[in-house]
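This report looks at one residue and its surroundings, and then turns to the chain that holds them. Please keep the sequence and the model in view while reading.

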Amino acid sequence: MRDLIEFIINIGFFAVLLGVGYFVGSAREKAHLKYLDQKEKELSGIFISNLKTLPPNWNASKAQLVGGISVISTDYFKTYAASLRNLFGGRIRSMETLVERARRQAIVRMLEEARAAGTNAVWNVRLETSTIGNTKGQPSSVEVIAYGTALLAE
């Protein structure tokens, strides 16, 4: 009987952690996506491109390197869901949103740096990604670095 009670307590604790991870993680993700939407609208006046060379008719000045870094961690629910998906293989949608948020946040920070420098375009934009794992070898955080050359283009 005592083993059964311990088992039920352990399962209950696990279920509570999953539930808290799901609801808190979802709420934080929605708030972050709303924040990113707002910031992207604010920064929409800055032209961004991954091309290496400028168009021939552009006259550019004030060139400088700008960048943005973002590290976003997973919540307990997403980590658990990804672990289950690893058993069977396939697309891990819960992690895709994590990477997408990190990418958008890094670009927003890069554009904010470009705006602070008084420029109106960022050229030759590149993205670098890496995962920061926990002791079990599963990713617990995603890092994205966005960088490019900020220009004052006419």
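Leaving aside neighbours within four places in sequence, Ser49 is in contact with Val122, Trp123, Asn124 and Val125, where contact means heavy atoms within 4.5 Å. This is a predicted model, in which local features need pLDDT of at least 70 and side-chain atom pairs count only at pLDDT 80 or more, while totals for chains, interfaces and linings use all residues. Residues are numbered from 1 along each chain as its sequence is written, and side-chain values use heavy atoms, with hydrogens and water left out.

Ser49 lies in the loop between β1 (47–48) and β2 (60–73); helices (H or I, at least four residues) and strands (E, at least two) are DSSP runs, numbered from the N terminus. Is Ser49 buried or exposed? Ser49 counts as buried because its relative accessibility is 11%, given that buried means under 20% relative accessible area, exposed over 50% and partly exposed in between (1.4 Å probe, protein chains only).

| Pair | Atoms | Distance |
|---|---|---|
| Ser49 and Leu51 | polar side-chain atom of Ser49, backbone nitrogen of Leu51 | 3.0 Å |
| Ser49 and Arg126 | C-alpha atoms of both residues | 9.3 Å |

Along the chain, Ser49 and Arg126 are 77 residues apart.

The chain as a whole has three helices and four strands, which follow one another along the sequence in the pattern α-β-β-α-α-β-β. With a radius of gyration of 21 Å, well over the 15 Å that the globule rule gives for 154 residues, the chain is therefore more spread out than a compact globule; the radius is taken over C-alpha atoms, and the rule is 2.2 Å times the number of residues to the power 0.38. Taken along the principal axes, the C-alpha atoms fill a box of roughly 80 × 25 × 25 Å. Of the 154 residues, 30% count as buried, and among contacts between residues at least 6 apart in sequence, 80% join residues at least 24 apart.

How values were computed: A polar contact is a pair of N or O atoms within 3.5 Å; within protein, one must be able to donate a hydrogen and the other to accept it, and residues adjacent in sequence count only if both atoms are side-chain atoms.
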